[in-house]
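Work through the exercises below with the sequence and the structure open. Try each task before reading its solution.

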Amino acid sequence: MQNWCSEGFSRDRNDPRERGRASPQGQRGAPSVNILSHSHSGSKSRRISPADFEDTRRHLQDLLTKGIIRESSSPYASPIVLVRKKNNDIRLTVDYRLLNSRTVRDQYNIPKIEDTFHSLSGAAWFSCLDLKSGYYQIEMDEADKAKTAFWCPLGFYEFNRMPQGICNAPATFQRLMEKCMGDMAFTDVLVYLDDLLVFSRTLEEHVQKLDKVLTRLEEFGLRLNPDKCQFVHPSVKCLGHVISAGGVQTDPDKISAVTTWPRPRMYEN
C-alpha cells in the first residue's frame, strides 16, 4: 500500500523516473488554456489580513519547495483568495474569473453522480479512494504556465502544476482518470474527479478489483491520500452519500444543518 499512499510532492524531481511521472505528455495530459483574446489579463492584487501574513508566507514557501509553483514575470496576473480549512490551515485559491472568461472551454463531460450510482446494483463491498492533492499531480504545459500567474503582497508566482480554478481543470482531470481506469470504469470502479469508488459483490472479487485499480494508479504515477481512503467496507461514505448493499442514501452529516433546524415557535402577524 505504501507505493500508492506516499507523499506525492516530496519525491526527488532529479530522479528520471519522477520526471517521467511529472511530464505533461502521454498519460498525464496537461490542461489547455487557449486564450480567445491575445490581450493579457491582469487583476489588481487583494489585501491580506496582517494576521494571515505568516501562514501565507509559510504556505507559499511550501508550494515553492515542492515545485508546485515558481516565481513569475508573466504578463498575466490573477489575485489570490485565502480560505481557512476546517483545521485552520491556509488554502490558497486564485480568482481566475477574468482568465476563464477569455479561455476556450473544454467540453469533456463530467458525469452526474446520480447516474453513476446505477452501476452499484448488487454490490456488497466497497472501497473509496481519494487522491493526494489530485490537481497538483498534473503538470501544466510549459506554454501555459505563465497564464496561471497570481500575485499577492508577498510575491508574484505561477503554477507548475494544475491549479484549481481554471475552467478546464475539471475536464482535464476527469479525462485523465477515465483514461487511467480504462475498461474498469462502471464495471469495477466509479470515477468522479479525484474520488474513486471500487465495488464488488463478494470479498474475494473485491480484493482482485482493488488490486487492479491500485496497479493502474501506480502505472499512471498517481498517489492516494491514505487519511481519506476507506478500504474494503460493507458501507462507505463517498461523494456526499452513504453507500452500502442496502442502497445509496444522502450522508446525514451533509444535511444536518437542515434536519436540525429548530421548528419555529413564534408567529408574527
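## Overview

The protein has 7 helices and 12 strands, where helices (H or I, at least four residues) and strands (E, at least two) are DSSP runs numbered from the N terminus. The model is predicted, so local features need pLDDT of at least 70 and side-chain atom pairs count only at pLDDT 80 or more, while totals for chains, interfaces and linings use all residues. Residues are numbered from 1 along each chain as its sequence is written, and side-chain values use heavy atoms, with hydrogens and water left out.

## Exercise 1: Burial and surface

Step 1. Apply the cut-offs: buried means under 20% relative accessible area, exposed over 50%, and partly exposed in between (1.4 Å probe, protein chains only).

## Exercise 2: Salt bridges

Count the salt bridges, then describe the pairs D55 with R58, D95 with R97, and D251 with K237.

Step 1. The criterion is a side-chain nitrogen of Lys or Arg within 4 Å of a carboxyl oxygen of Asp or Glu. This rule gives 19 salt bridges.

Step 2. D55 and R58 form a salt bridge with an N to O distance of 2.3 Å. Both residues belong to helix α2 (residues 53-65) and are 3 residues apart, about one turn of the helix. D55 is partly exposed because its relative accessibility is 24%; R58 is also partly exposed, at 48%.

Step 3. D95 and R97 form a salt bridge at 2.8 Å, N to O. D95 is buried at 14% relative accessibility, whereas R97 is exposed at 61%.

Step 4. D251 and K237 form a salt bridge at 3.6 Å, N to O. This pair links distant parts of the chain, 14 residues apart: D251 lies in the loop between β12 (247-250) and α7 (256-259), and K237 in strand β10 (residues 235-238). D251 is buried, with a relative accessible area of 5%, and K237 is partly exposed at 41% relative accessibility.

Step 5. Shared partners join D52, E54, D55, R57, R58 and R84 into one network of salt bridges.

## Exercise 3: Aromatic rings

Count the aromatic pairs and classify the pair of Y135 and F173 and the pair of F150 and Y157.

Step 1. Rings of Phe, Tyr and Trp (its six-membered ring) pair if their centres lie within 6.5 Å; planes under 30 degrees apart count as stacked, over 60 as edge-to-face and the rest as tilted. The structure holds 5 such pairs.

Step 2. The ring centres of Y135 and F173 are 5.3 Å apart and their planes are at 40 degrees, so this pair is tilted. Y135 sits in the loop between β4 (125-130) and β5 (150-152) and F173 in helix α5 (residues 169-181), 38 residues apart, and the pair links distant parts of the chain. Y135 is buried at 15% relative accessible area, and F173 is buried at 0% relative accessibility.

Step 3. The rings of F150 and Y157 have centres 5.8 Å apart and planes at 35 degrees, so this pair is tilted. F150 is buried at 0% relative accessible area, and Y157 is buried at 9% relative accessibility.

Step 4. One aromatic cluster is formed by Y136, F150, Y157 and F159.
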